[in-house]
Amino acid sequence: MEVARDFSELDCLRRLRLGDERAFDALFRHYSALVYRFAYSYLKARPEAEEIVQECFLKIWEKRAQIHDDVPLKGYLFTVAHHAVLNQLRRRQHHLRFQAYTTAAAPQHAQVGNEAEFAELETLYRSALEQLPPKRREIFELSRQQGLSYPEIAAQLNLSVKTVEAQMSHALKFMREYFQAHGEGAAGLVLVLAVAGW
């Protein structure tokens with residue numbers, strides 16, 4: 001993709017923070033192909049790679065006021081893209097694990113791995129997540145949905161790594177018990193572990 005020679009990332013970032021859509025378009029033209037190639041190299045699927053590009057630039061727009069001049073945008077973009085790719089790979093694994101469970105656990109004539117049941121279990125998972133204390137839920141989401149490591153979470157939230165580990169342990173224990181209490185012990189546990197990336 002050809003990019004204008006007079007492209008200035010610093011100028012674009014300053015204009016972007018003011019809500020300049022033309023600056024956003026310039027950044028998109030400059031970096032979108034790079035982000036696409038990065039995502040495609042892992043996902044090997046054009047629609048998913050395109051979704052990663054859209055997700056990354058949407059986040060850039062939403063967080064534009066927080067991006068400072070001393071933050072290399074290319075590095076920021078690829079960090080966002082890396083987490084988005086991890087999330088997409090985790091979602092794939094999530095579906096594969098659930099399908100494997102339903103295939104092994106259900107008789108051939110009564111497969112329970114249909115989309116409706118899967119949606120119900122996922123709704124239950126979201127319900128359990130909402131019942132976590134706010135800080136614990138934030139830690140869980142940063143870890144399991146955004147792909148951050150415990151040290152990264154600790155640094156971002158100004159906590160110790162041990163605190164993050166303890167909060168994650170409590171969160172997973174609560175969610176397993178929540179599924180069991182709602183009669184979804186085995187299937188629910190598979191779903192929780194798949195979403196959690198275990």
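This briefing walks through the fold of one protein chain, from the whole chain down to single residues. The model is a predicted one. The protein chain holds nine helices and zero strands, so its elements, read from the N terminus on, run α-α-α-α-α-α-α-α-α. Keep the structure open as you read, and find each residue as it comes up.

**The chain as a whole**

- The protein chain has 198 residues, and buried residues make up 37% of them.
- The protein chain exposes about 11500 Å², and carbon and sulfur atoms supply 52% of that area.
- Among the contacts with a separation of 6 or more, 62% are between residues 24 or more positions apart.

**Helix 1 against helix 2**

- Helix 1 covers residues 9-17 and helix 2 covers residues 21-43.
- Their axes come within 8 Å and cross at roughly 140°.
- Why are helix 1 and helix 2 called oblique? Roughly antiparallel is kept for angles over 145 degrees, and the crossing here is at roughly 140°, so helix 1 and helix 2 are oblique to each other.
- The crossing of helix 1 and helix 2 is left-handed.
- On the helix 1 side, the residues that meet helix 2 are Glu9, Cys12, Leu13, Arg15 and Leu16. On the helix 2 side they are Arg22, Ala23, Phe24, Ala26, Leu27 and Tyr31.
- By class, this contact of helix 1 with helix 2 divides into eight nonpolar, no polar and three charged residues.

**Helix 6 and its partners**

- Helix 6 (residues 134-144) packs with helix 7 at an angle of about 135°, and the two axes are 10 Å apart.
- Helix 6 and helix 7 are therefore oblique to each other, and helix 6 passes helix 7 in a right-handed crossing.
- Helix 6 brings Lys135, Glu138, Ile139, Leu142, Ser143 and Arg144 to this contact, while helix 7 brings Tyr150, Ile153, Gln156 and Leu157.
- Sorted by class, the contact of helix 6 with helix 7 has five nonpolar, two polar and three charged residues.
- At what angle do helix 6 and helix 8 pack? The angle is about 95°, with the axes 9 Å apart.
- Angles of 65 to 115 degrees count as roughly perpendicular, so helix 6 and helix 8 are roughly perpendicular to each other.
- From helix 6, the contact with helix 8 uses Arg136, Ile139, Phe140, Ser143 and Arg144. From helix 8, it uses Val164, Gln167, Met168, His170, Ala171, Leu172 and Met175.
- This contact of helix 6 with helix 8 has seven nonpolar, three polar and two charged residues.

- Is Leu73 buried or exposed? Leu73 has a relative accessible area of 1%, and anything under 20% counts as buried, so Leu73 is buried.
- Leu73 belongs to helix 4 (residues 73-105).
- Leaving out residues up to four places away in sequence, Leu73 touches Glu9, Leu13, Leu27, Tyr31, Ile60 and Ile67. Of these, Glu9 and Leu13 are in helix 1, and Leu27 and Tyr31 are in helix 2.
- Leu73 and Ile60 are 13 residues apart along the chain, and their C-alpha atoms are separated by 9.1 Å.
- Phe57 lies in helix 3 and is also buried, with a relative accessible area of 3%.
- Which residues does Phe57 contact beyond its neighbours within four places in sequence? They are Phe24, Leu27, Phe28, Tyr31, Ser32, Val35 and Leu77.
- Phe57 and Phe24 are 33 residues apart along the chain, yet their C-alpha atoms are separated by 8.6 Å.
- Leu27 and Tyr31 are in contact with Phe57 and are touched by Leu73 as well.

**Two loop residues with a positive phi**

- Most residues other than glycine have a negative phi.
- Lys44 has a positive phi near 55°. Lys44 is found in the loop between helix 2 and helix 3 (46-62).
- With a relative accessible area of 57%, Lys44 is exposed.
- Asn158 has a positive phi of about 60° although it is not a glycine.
- Asn158 sits in the loop between helix 7 (150-157) and helix 8 (161-181), and it is exposed, with a relative accessible area of 70%.

Conventions
Residues numbered from 1 in each chain as written. Predicted model: local features only at pLDDT ≥ 70, side-chain atom pairs only at ≥ 80, totals over all residues. Heavy atoms only, no water. Helix = DSSP H or I, 4+ residues; strand = E, 2+ residues; numbered from the N terminus. Buried < 20%, exposed > 50% of the residue type's maximum accessible area, 1.4 Å probe, protein only. Contact = heavy atoms within 4.5 Å. Axes fitted to C-alpha atoms, helices over the stretch in contact; angles between N-to-C directions. Parallel < 35°, antiparallel > 145°, perpendicular 65-115°, else oblique. Left-handed = near helix turned anticlockwise from the far one by under 90°. Nonpolar A, V, L, I, M, F, W, Y, C, P; charged D, E, K, R; others polar. Areas by Shrake-Rupley, 256 points an atom, 1.4 Å probe, with all protein chains shown as cover.
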